[in-house]
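Hi,

Here is the structure I promised to pass on.

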Amino acid sequence: MAKIQPLAAAASLCSSDDHRRQQGRQLAYTVWMKSLVFNGNGCTVYDPDGAVAFRVDNYGCRGGREVFFMDRQGNALIRIRRKGFGMFRRWEVCRCAHNGGQEEEATPWFSVRRAEKGGATMAMHGGAGTCYTIDGCSARKSEYRVRGVDGAVVAEVARKQTAAGVVLGEDVLTLKVAPEVDHLLFLGLVVVRGLINRSL
């Protein structure tokens, strides 16, 4: 549990700025599908050094209609809303901006829909169709991949293994993100996938 609180040297870094500096190299985030808030729903994302980088704290029921993905200081970075019903259900994702500590209006970013065979598709706001697909959105699977339109894997989620090769529980995951993409986008996709399967 010593790694739940950021180390003193890391605490001065702003996680919302960190992900911009980290683009350009592959990183492996640890995603614990649990909230740090007692009796809360959500997840906690740790950076490669083991410090808390991002979090989701959903105080309502699992699979809430609206959740916020925040940095470790509690600033909302992404807002996710569930819309529609049944086969028309989708998750609308907006990027939140801040100006001098004041949160500004969220900007539409992308949307996610369920697809055939337990997958999901993601389309950018204002874009022309699907730009990423998620293989394996089944609630029975902890492992899945995100592919671009060319079929190349750009992000991969699997159960976390320790250095000694011990596989941790199904709620402790490793997210590997390709260096040329926006890491925050794929962290948002992990949260949406948790909402799809009502694990958040």
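**What I found**

Let's start with Arg55, which is found in strand β3 (residues 52-58). Helices (H or I, at least four residues) and strands (E, at least two) are DSSP runs, numbered from the N terminus. Before going further: this is a predicted model, so local features need pLDDT of at least 70 and side-chain atom pairs count only at pLDDT 80 or more, while totals for chains, interfaces and linings use all residues. Residues are numbered from 1 along each chain as its sequence is written, and side-chain values use heavy atoms, with hydrogens and water left out.

Back to Arg55. Its side chain makes a polar contact with the side chain of Asp57, at 2.4 Å. (A polar contact is a pair of N or O atoms within 3.5 Å; within protein, one must be able to donate a hydrogen and the other to accept it, and residues adjacent in sequence count only if both atoms are side-chain atoms.) Leaving out residues up to four places away in sequence, Arg55 touches a run of others, including Cys43, Thr44, Phe68, Phe69 and Met70. Contact here means heavy atoms within 4.5 Å.

**Salt bridges**

How many salt bridges does the structure hold? There are seven, counting a side-chain nitrogen of Lys or Arg within 4 Å of a carboxyl oxygen of Asp or Glu. In one of them, Glu66 pairs with Arg79, with the closest N and O atoms 4.0 Å apart. Glu66 lies in strand β4 (residues 66-71) and Arg79 in strand β5 (residues 76-83), so this pair ties together parts that are 13 residues apart in sequence. Glu66 counts as partly exposed at 34% relative accessibility, whereas Arg79 counts as buried at 13%. (Buried means under 20% relative accessible area, exposed over 50%, partly exposed in between, with a 1.4 Å probe and protein chains only.) Glu66 and Arg79 also belong to a salt-bridge network together with Arg81.

Glu92 and Arg90 form another salt bridge, 2.5 Å from N to O. Glu92 is partly exposed at 23%, and Arg90 is partly exposed, also with 23%.

Then there is Arg95, whose side chain meets that of Asp182 in a salt bridge (3.2 Å, N to O). Arg95 sits in strand β6 (residues 90-95) and Asp182 in the loop between β14 (172-177) and α3 (183-196), so the pair ties together parts that are 87 residues apart in sequence. Arg95 is partly exposed, at 26%. The charged end of Arg95 also sits over the ring of Trp109, 4.3 Å from its centre; the rule is NZ of Lys or CZ of Arg within 6 Å of the ring centre and within 35 degrees of the ring normal.

**Rings and cysteines**

The structure holds three aromatic pairs. In one of them, the ring centres of Phe54 and Phe69 are 5.2 Å apart and the planes are at 25°, so the pair is stacked. It links distant parts of the chain, with Phe54 in strand β3 and Phe69 in strand β4, 15 residues apart. Both Phe54 and Phe69 are buried. For the cut-offs, rings of Phe, Tyr and Trp (its six-membered ring) pair if their centres lie within 6.5 Å; planes under 30 degrees apart count as stacked, over 60 as edge-to-face and the rest as tilted.

As for disulfides (cysteine sulfur atoms within 2.5 Å of each other), the count is zero. Cys94 is in no disulfide, and the nearest cysteine sulfur, that of Cys96, is 7.3 Å away. Cys94 counts as buried at 8% relative accessibility, and Cys43 is buried too, at 1%.

Cheers
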